[in-house]
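This text walks through one structure, one part at a time. Please keep the sequence and the 3D view at hand.

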Amino acid sequence: MSAHDVIADLRALAARTSDAHGAQRVAWGPVWRDARRWFDERLSCDGLRAEVDAAGNRWVTLPGARPETVVIGGHLDSVPNGGWLDGALGVLAGLEALRRYKDGTPPVTLALVDFADEEGARFSRSLLGSSGASGSLVPATVRDLVDRDGTRLADALAENGVDVDRMLDARPALDARRPRAYLELHIEQGPVLESMRRSTGAVIGTYGVERHVLRFVGQAAHSGSTPIAMRRDAFLAAAEAALACRDIARRLSTPAAGVVCTVGTVAVEPSIVTAVPGVCEISLDQRAIDPATLQQALADAREAAARAAAANGVSVAWRHVWRIDPFHFDAGLVGLCADAVHEVTGHAPRLPSGPLHDAVEMGRVMPAVMMFARSTNGLSHCQEEDTPEAALEATIEAFLRLVDKTLLAVAATP
Ligand SMILES: [Zn+2]
């Protein structure tokens, strides 16, 4: 059975590229290159071969009766100490789809792409290869990023045969394929499907993100001699703002569309046990699938932070870090995806994705959709990452059906 072959491939890849702490396929490094070599060996068993584009992505193409192309994507790179399914599930399920069609001719061309550096684990720039292929990358903004050892991104890519200033050449190469649909199978990396007791879901889109740093400034003072009423404690203002942001996310969440916010970093000054914090900086990462809701969450957070600052006699300043709009996948493909999931599992849950994926970059070029496999305990980016075997099999079967349906749908369009 074909899902078994995919799972066997995944286990073989994990065995070859993991250590006691998990998968170590960090993009542009030796283990990642070895994973790609392993993939070449798998391909050659089936008489297939990969070709690399200008952004370092590798493509395997099965020409169809018509030249329009259905693209299946994934990524072999992982975070350090990563899981066995994140990214690799998409690539190896895609390989199984190619195997099923390789002895005949698919109605339209079928291509599998292994994107380079989806994770951004080394240079903190996610979706690097797919943004080269979509044309959204601005090479000047990434060229001089450095890793922990001080190696420049441009040099690490050059070591792997990729010229950062030519990465955008991947876009015309993609256009020449006449891409008509993009499909990606991925582990959910969250607890939603598990809480619904479902193995598989159709993904409606990805959350938009508003990311800021808030700097509260009060007055550092002695912890023994300063009465509570006379303090201007920057940390307490930040803490009140953080709690208020949690309330905002709760209030704006609906059962169908959650809103989340995270204060992931806190830094106080002077950071002494006997000093009232005079300065406190927190990060605030807010996410929602509905653009108006995301803007409302941001506006409410600004108001709440101002109130918390005033209540504590401190000032607050906002620094913008990063933002991205919510992205909605193609309604027609979401419908096909839900149909495929329903046929195999008897249910068709639809859910948004909190994390970003290469599918968002490909969605700029062609209609796109993703399918999610349930995550055990909602865990990912760690060696505990898993999907129960029966759920994994059902999801792979559903994804292969989605490939069949999409090839037929694209072939049926004039
Ligand atoms: Zn991934």
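His 212 is found in strand 9 (residues 208-217); helices (H or I, at least four residues) and strands (E, at least two) are DSSP runs, numbered from the N terminus. His 212 is buried, at a relative accessible area of 4%, where buried means under 20% relative accessible area, exposed over 50% and partly exposed in between (1.4 Å probe, protein chains only). Neighbours within four places in sequence aside, His 212 is in contact with Ile 282, Ser 283, Leu 284, Leu 298, Arg 302, Trp 318, Arg 319, His 320 and Val 321; contact means heavy atoms within 4.5 Å.

The model is a predicted one, in which local features need pLDDT of at least 70 and side-chain atom pairs count only at pLDDT 80 or more, while totals for chains, interfaces and linings use all residues. Residues are numbered from 1 along each chain as its sequence is written, and side-chain values use heavy atoms, with hydrogens and water left out.

Next comes the metal site. The zinc ion is coordinated by His 75 (NE2), Asp 86 (OD) and His 186 (NE2), at 2.0 to 2.2 Å. Donors are N, O and S atoms within 2.8 Å of the metal (3.2 Å for Na, K and Ca); water is not among the atoms, so sites may look incomplete. Along the chain, the donors of the zinc ion follow the spacing H-x10-D-x99-H. His 75 lies in the loop between strand 5 (66-74) and helix 3 (88-101), and His 186 in strand 7 (residues 179-187), so the pair ties together parts that are 111 residues apart in sequence. His 75 is buried, with a relative accessible area of 0%, and His 186 is buried at 1%.

Helix 3 also takes part in a helix contact. The axes of helix 2 (residues 30-45) and helix 3 come within 11 Å and cross at roughly 15°; axes are lines fitted to C-alpha atoms, for helices over the stretch in contact, and angles run from 0 to 180 degrees between N-to-C directions. Helix 2 is therefore roughly parallel to helix 3, since angles under 35 degrees count as roughly parallel, over 145 as roughly antiparallel, 65 to 115 as roughly perpendicular and the rest as oblique. The contact is made by Trp 38, Phe 39, Arg 42 and Leu 43 of helix 2 and Val 91, Leu 92, Leu 95 and Arg 99 of helix 3.

The last stop is the backbone. A cis peptide bond, with omega about 5°, joins Glu 269 and Pro 270.
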